[in-house]
Amino acid sequence: MTVRALFSECNLPLWLDVAADLAQEQGWRPVYWVGQQSLAGRLAQAFPQAVFHDHLRAIRGLPAAGGPDPAPLDQEILAEMAPCEAMVLRILDRMDPVDCFGLRERLDLYYRYLGYWSAVLDKYQPQVAFFSIAPHMAYDYVLYALCQRRGIPTMMLEQALINSRLYVTSRYDGPDNLVQREYRRLLAADQGGPIDLPADMVEHLEALTRDYQAPFYVARIESRGGPLDWARLWLECKSLPRRALNLGLRLHQLLTTPAPANYMKVRGRRFSERPISHLGFEYYRWLGRRARARLKDQYQALAGPEPLDRPYVYLPLHYQPEMSTMPTGGYYDDQRLLAGLICSCLPPGWLLYVKEHPVQVADIGRGQISRPPGYYQDLLALPQVRLVPLTQSSFELMDHARATATITGQAAWEAVNRGKPALTFGHCWYKGCEGINFIRGRGELCQALERVAAGQVTVDRRKVRLFALAVARVARQGYVEPIFGQAYNLDQRENSRGISRMLGDYWQHEARGAGLGGGGESS
C-alpha cells in the first residue's frame, strides 16, 4: 500500500536514506520534500515524483518551483489558527538579528505561509507529515498546525540527552509518549530488583552526581576565545604575516562570493527579497559579536556571589533563540515572564537565583537577539531576584537550592539525579520523570513550592533510574544533528537505518493504527 508522505526540514543526506528504507518497507512515497538545495539532485533521482522545496525559500515565504497558488484565507481559518499566528510571530525573532522585522511584515509573511501550505495540503493530500525534529522554523510550525487541524498524522523525533538517544513521537507537545508509557509500566512492575542499564547510561548518571562538567556542545563554544596569555600572544605575533595574507584573501572573498546560506532579515529590504551580501552578512555578524560582548559586560556588572545558605530557587536561563523555548516553551520564551511568575509564588524570605546561559553571551551564536536592552535590569527589578556569576558551578547552585526551575533545560534532569526536585514549564524528553514537576499555571506552581517548603517533596533516585531504563528500552542511540554523531562516534548508515526502523514501527503500531494527527498519542 502506497502512503503519500511529506518530509519537512529534512536537510541532511541521512533523510534520503531513511526515506528510501521507508519506501521499501512501509510503502511511503514522498510527494513533497523541504530541505537544503544540495539534496535536490539526489531526491529527483530517488523520488522523481516528489516536489522539492528549498528550505531557505520556504522560510522566506517563497513557493517551490511548480508549487500551487496560495489558498484564500477566510475569517474561520484565521480565527482557528490564531494560537499558531501568535507562536509564529515570535518564532520569527530568530530571523531578525538587528531588530528590523516589524509586525506588519511578520503578519504578511504569516499569511503567505498559511495560504501556501494550505494549498500544498489540498493539492498533494499527504497521509503523513514527517518533521525531523519539533517544528521551529516558522513555516514548518504553520505546516504542523495545519496538519493537526486537518487530522493528518504527524511524526517527529525527540532527542533524550542521555548520550543522544532518539525516539519517535507524534506531537512535541503531546500529553503522552512512548517513554512515559514504558516508565509507568516499569513503576507498576517494580519489585526492587537490580536495574539493568546500558554501561554508557550508568556512566552518564554517575557523571551527574560528580562535579559539574558542561555538555560537550556547550564546552566547545566556551573553549573558543578566552584570556590572551603570553604564550598565546607570542603565537599571535608569529602568525601576523600569514594572517595579513589571509585577510587580503578574505576581503576578496567577501567582495566576490555570495554569503553563506542564511535567513537573516536585512534592514530596508523585504524578507522575501534578495538575500544579504557576503560583506553585509559579515557586518551583521560583527554587530552581533559586539552586542553580545556588551551583554556580557552588563551581566557581569550586575551579577555577584550570593550566599548559598539562604532559601532560594535556582533558575538557569536558556540559550535563545532556540527550539527549547520556542515552540516547546510556549509563552515562556520571554524568561522574564517566568521569573516574575516564580517570584509571585515564592514563600516569604525566599530568593530566586538567576544565572545566564554562558553561550548566550559567547563570541559566537545569536544570543543578542533574545536579550533586548534592559533585560537584566528587568530581572533585578523583581525584589527576590539575584543574578549569580557565569563562573559559579551550576551543580553547586542546584545542591543548595530548594528546587531548580527551567522551561525545558537539561538542568531539571541534572537536578533530580542529584536528589533535588525540579520545576519545568515546557515540553521536554524527561517530562513525567520522578521529581520533575510539570507546571501548567500559577496555582500549581504555588502548591508545588508550598510542598517543597514543607519538606514534602523528595526525589527517589531509584525511580529516576527507572526512567532512564524506560528511555533505554524505547529509544536508540542516534542523531539528527551531525555534531552528536561525531561526539559519540555513530555510524551514519547505522543511524539512518535505526531511524527508519523506529519510524516504521511507530507507523505500524501507533500512528496509522490510532489515526493520530489531531490529538495526542494513543494510550
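Start with helix α5: its buried residues pack against α6 (103–124) and α7 (139–150). This is a predicted model.

**Stop 1: helix α5**

Select residues 82–91, the span of α5. The helix is mostly covered, with seven of its ten residues buried. Colour those buried positions: Cys84, Glu85, Met87, Val88, Leu89, Arg90 and Ile91. Glu85 and Arg90 are on that list of buried residues. Now show α6 (103–124) and α7 (139–150) to see what the buried residues of α5 pack against.

**Stop 2: Glu182**

Move to helix α8, residues 178–189, and pick Glu182. Is Glu182 buried or exposed? Its relative accessible area is 15%, so Glu182 is buried, the cut-off being under 20%. Next, show its partners from elsewhere in the sequence. Leaving aside residues up to four places away in sequence, Glu182 touches Ala470, Arg473 and Val474.

**Stop 3: Thr209**

Go on to the loop between α9 (199–207) and α10 (216–222), where Thr209 sits. Thr209 has 42% relative accessibility, so it counts as partly exposed. Display its side chain together with the backbone of Glu206. The Thr209 side chain reaches the backbone oxygen of Glu206 at 2.6 Å.

Which residues does Thr209 touch, not counting those up to four places away in sequence? Select Asn417, Arg418 and Arg461 to see them. Thr209 and Val416 are 207 residues apart along the chain, yet their C-alpha atoms are separated by 9.9 Å.

**Stop 4: the whole protein**

Zoom out and switch to a cartoon. The protein holds 21 helices and 13 strands. Along the principal axes, its C-alpha atoms fill a box of roughly 65 × 65 × 50 Å. The radius of gyration is 24 Å, which agrees with the value near 24 Å for a compact globule of 523 residues.

Now turn to contacts across the fold. Of contacts between residues at least 6 apart in sequence, 73% join residues at least 24 apart.

Colour by burial next. Of the 523 residues, 54% are buried.

Finish by colouring charges. There are 60 positive and 54 negative charges. How far apart are their mean positions? The two mean positions lie 3 Å apart.

Definitions and conventions
Residues numbered from 1 in each chain as written. Predicted model: local features only at pLDDT ≥ 70, side-chain atom pairs only at ≥ 80, totals over all residues. Heavy atoms only, no water. Helix = DSSP H or I, 4+ residues; strand = E, 2+ residues; numbered from the N terminus. Buried < 20%, exposed > 50% of the residue type's maximum accessible area, 1.4 Å probe, protein only. Contact = heavy atoms within 4.5 Å. Polar contact = N/O pair within 3.5 Å; in protein donor to acceptor, adjacent residues only side chain to side chain. Rg over C-alpha atoms; globule rule 2.2 N^0.38 Å. Lys, Arg positive; Asp, Glu negative; His and termini not counted. Charge placed at Lys NZ, Arg CZ, Asp CG, Glu CD.
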